[in-house]
Amino acid sequence: MMKRINILKTEPNAYKGMLTLEQYARNSQIAPGLRELIKIRASQMNSCAYCIDMHTQEALEIGETQRRIFALSAWRESPLFTEEERAVLQLTEEVTLISQGGVSDETYNRVLGLYGENVLAQIIMQIIIINSWNRIAVSTHQVFGEE
C-alpha cells in the first residue's frame, strides 16, 4: 500500500477531538469486553485491518477468548454470545450499515429494553466512534504498530 498522510501529525487538533470521544467511551458504563466486541465487529465490517489488529489484541489482554473472537464474524450462528451481546452486535451492524435501512425499531427497542436509555446512548456513541476510527485508518492506509 502506498503511504498516505498521518492525520495525527497533519491535523493534531482533529485527532485530539477523536481521542476525547474515545476517552468518553472508555469511561462509559459499557463493559470493557462488550466495547471490544463492538470495535472488532464494526472493524471487520469496514475491512479495517488496523483496528481489527488493535482491538483483538486489546480484547485478549482483558480476558476475551480466541474462540469468541474467531466466531465474532458469524455471531448469529454461534452459541458463544449472550442475548445482550447479540442485541448489541445487531445494533452495531445496523449502525455501521446505516445507509442500508437505518436502525430497525426491533433492534433499537431490544437494546433499549436490555440496557436502558443511558447505556443505549453510550453504545450508539461507541459504534459511531469506532466507525470514525475505521474510516480514518482505512482512508489513510494505517498499519497497526507503524505509528
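Helices, here DSSP runs of H or I with at least four residues, are numbered from the N terminus. The model shown is predicted, so that local features need pLDDT of at least 70 and side-chain atom pairs count only at pLDDT 80 or more, while totals for chains, interfaces and linings use all residues. Residues are numbered from 1 along each chain as its sequence is written, and side-chain values use heavy atoms, with hydrogens and water left out.

View A. With a relative accessible area of 22%, histidine 141 is partly exposed (buried means under 20% relative accessible area, exposed over 50%, and partly exposed in between, with a 1.4 Å probe and protein chains only). Threonine 140 lies in the segment after H7 as well, but at 7% relative accessibility threonine 140 counts as buried. Leaving aside neighbours within four places in sequence, threonine 140 is in contact with Arg4, Ile5 and Ile7, where contact means heavy atoms within 4.5 Å.

**View B. Serine 47 in the loop between H3 and H4.** Serine 47 is found in the loop that joins helix H3 (32–45) to H4, and has a positive phi of about 55 degrees although it is not a glycine. The relative accessible area of serine 47 is 59%, which makes this residue exposed.

**View C. The packing of H4 against H7.** H4 and H7 pack at an angle of about 125 degrees, with their axes 8 Å apart (axes are lines fitted to C-alpha atoms, for helices over the stretch in contact, and angles run from 0 to 180 degrees between N-to-C directions). H4 is therefore oblique to H7, since angles under 35 degrees count as roughly parallel, over 145 as roughly antiparallel, 65 to 115 as roughly perpendicular and the rest as oblique. Tyr50, Cys51 and His55 in H4 meet Ile130, Trp133, Asn134 and Ala137 in H7. By class, this contact of H4 with H7 has five nonpolar, two polar and no charged residues (Ala, Val, Leu, Ile, Met, Phe, Trp, Tyr, Cys and Pro count as nonpolar, Asp, Glu, Lys and Arg as charged, and the others, Gly among them, as polar).

Notes
Helix = DSSP H or I, 4+ residues; strand = E, 2+ residues; numbered from the N terminus.
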